[in-house]
Amino acid sequence: MAFSTRNKLAAIIAVAAMAGGLAAVTGGGSPAGAAPATSTVICDNGTVAPDGAIEYNLEARDGYIQEPDGNTVYAWSYTSVGQPLFQFPGPTMCIDEGATVRVVLTNPDHVDNLSGGIPAATTSILFPGQVGVTATGGVAGLLTQEVDSAVPGDSVTYEFVASAPGTYIYQSGTDQAVQVQMGMFGGLIIYPAVGRGFAYDGEPFDTTHEYLLLFHEMDPDLHTEVELASRNGLVGDAVLSNYHPLDRKSRYWTINGRSFPDVIAPNNAPTLPTQPYGGLVRVNADDPTDGFDQLPSLVRYGNAGLENHPFHPHGNTLRLIAQDGRPFPDEIEAYTKTVAAGQTFDLLASWEDVEAWQGNGAPTPINVPALDNLVFKGGASFYSGDPNLGQKQDLPATVTSYSVCGEYYFPWHSHALQEIVNYNEGFGGMLTLWRVDPPMEEVSPGVWQPTAACN
Ligand SMILES: [Cu+2]
């Protein structure tokens, strides 16, 4: 039980600490007060080709992304053909085990800074972890077949059978120190044959709470060099002639292409038109006495960057079930996991409501700091005013609480603390929150729904 009391204190400390950071950094996205309900993974299921293959038509594109400090960064990525806007990172491919996957990559004519193709000479896609990938068309590159921008209409077709369920990334296989940093990566999820409610065989999760967190970092100086070269009409290898990967100094660290606090804005936030994927993690607390078996949330990590990132939640440990799309024989209690460049992890996140913190049980002895001693820097807080889950109390009139229904918020971030900044200003960068909502409610016999006030 000491465990739970510590958690509760951690929640209070966490919200007090985070309030200042949010107030100090105004982002392109809306802070959590906008009830970011829609941060679950957005699946691109592709289209079914006449031969039954699941087909994706992707093109290399350039465009701009926003950083919370007001900077914009020129970037490259993969975008579905026909999609009007550039997107960063590329679409998340969701595939069922056993499916044949066919990805056709093109690089349209580069239109100077108007979101056309990328001005690199060649580009490509690698599918790490997939077995028997074939690549046809284009020109032979070092690692795979590449689209040649000198050949109008050139394309490469990659094909493989989705044989191993799990979490993967896909990324450029061409001049990777440049192209992957420029943003040419995306997520790939293969669901097991038993169904999309399972991470792996025998690992069920709450399908309304599935999250993909893709890590990446950028040196904007290098992006600017590439942008200026393309604006000056340089194409192909000339674009990269002033690009020195060994001089790289990262300034922005992102989750799903966004830096905190933009990370916690909802999916498809209109203020972040080219960065559609949110990164807030949500969990419904499990009340062990209520008769409802709350399944855990599934959180998928993928590191598409060049640096390793030690990543951890506050408030509770996680259950690590797989690495690089390969399940462990037994789950492992996990706290800080260093996610190496190119690596993926699958973790289950849950919250045991062991003391009926939603206010229905006996009061828990806990010393809550007096309100005067809680820091409401900038007048903003994630604290509800009440330590019990699902309860709210009045806060000082000068304080705006982002708490919707008395839910808890905890940081979940890179513990390389120089990475939770936006160009040296904290809090920012590779940081998200997780939000613990009260247990589900039985609205009629056998029918369980999230607490209405939390939606
Ligand atoms: Cu921490």
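Predicted model: local features only at pLDDT ≥ 70, side-chain atom pairs only at ≥ 80, totals over all residues.
Is E331 buried, partly exposed or exposed? I looked it up: E331 comes out partly exposed, at 40% relative accessible area.

**Entry: the partner of E331**

I followed the side chain of E331 and found R319, with which it makes a salt bridge at 3.0 Å, N to O. R319 sits in strand 18 (residues 318-323) and E331 in strand 19 (residues 326-334), so I logged the pair as a link between distant parts of the chain, twelve residues apart. R319 is partly exposed too, with a relative accessible area of 28%.

**Entry: other salt bridges**

How many salt bridges does the structure hold? I get 13. I also noted one network, in which D51, E55, R102 and E159 are joined by salt bridges that share partners.

Next I picked out R196, which forms a salt bridge with D96; their closest N and O atoms are 2.8 Å apart. R196 is in the loop between strand 12 (185-191) and strand 13 (210-218), while D96 belongs to strand 4 (residues 93-96), so this bridge ties together parts that are 100 residues apart in sequence. I checked accessibility for the two: R196 is partly exposed at 29%, and D96 is partly exposed at 35%.

Then I turned to E307 and R248, whose side chains meet in a salt bridge of 3.0 Å, N to O. I placed E307 in the loop between strand 16 (297-303) and strand 17 (309-313), and R248 in the loop between helix 3 (220-231) and strand 14 (252-255). R248 has a relative accessible area of 28%, and that makes it partly exposed.

**Entry: the copper ion**

Which residues coordinate the copper ion? I found H312, H314 and H413, each through NE2, at 2.0 Å. Along the sequence I wrote the donor spacing as H-x1-H-x98-H. H314 lies in the loop between strand 17 and strand 18, and H413 in strand 24 (residues 408-414); these two are 99 residues apart and link distant parts of the chain. On accessibility, H314 is partly exposed at 28%. H413 has 6% relative accessibility, which is under the 20% cut-off, so it counts as buried.

**Entry: cavities**

I counted two cavities of 30 Å³ or more. What lines it? I listed S39, T40, V41, I42, T92, L212, N256, N267, Y277 and G278. Sorted by class, that lining has four nonpolar residues, six polar ones and no charged ones.

**Entry: C405**

Last stop was C405, in the loop between strand 23 (400-401) and strand 24. Is C405 buried or exposed? I have C405 down as buried, with a relative accessible area of 6%. Leaving aside residues up to four places away in sequence, I found that C405 touches G390, Q391, K392, R435, D437, P438, A453 and C454. I also checked L389, 16 residues from C405 along the chain: the C-alpha atoms of the two are separated by 8.5 Å.

Notes. Residues numbered from 1 in each chain as written. Heavy atoms only, no water. Salt bridge = Lys/Arg side-chain N within 4 Å of Asp/Glu carboxyl O. Helix = DSSP H or I, 4+ residues; strand = E, 2+ residues; numbered from the N terminus. Buried < 20%, exposed > 50% of the residue type's maximum accessible area, 1.4 Å probe, protein only. Donors = N, O, S within 2.8 Å, 3.2 Å for Na, K, Ca; no water. 1 Å grid on protein atoms, 1.4 Å probe; cavity = no way out; pocket = protein on both sides within 12 Å on 5 of 7 lines; lining within 4 Å. Points joined across faces, edges and corners; volume = space filled by probe spheres on them. Nonpolar A, V, L, I, M, F, W, Y, C, P; charged D, E, K, R; others polar. Contact = heavy atoms within 4.5 Å.
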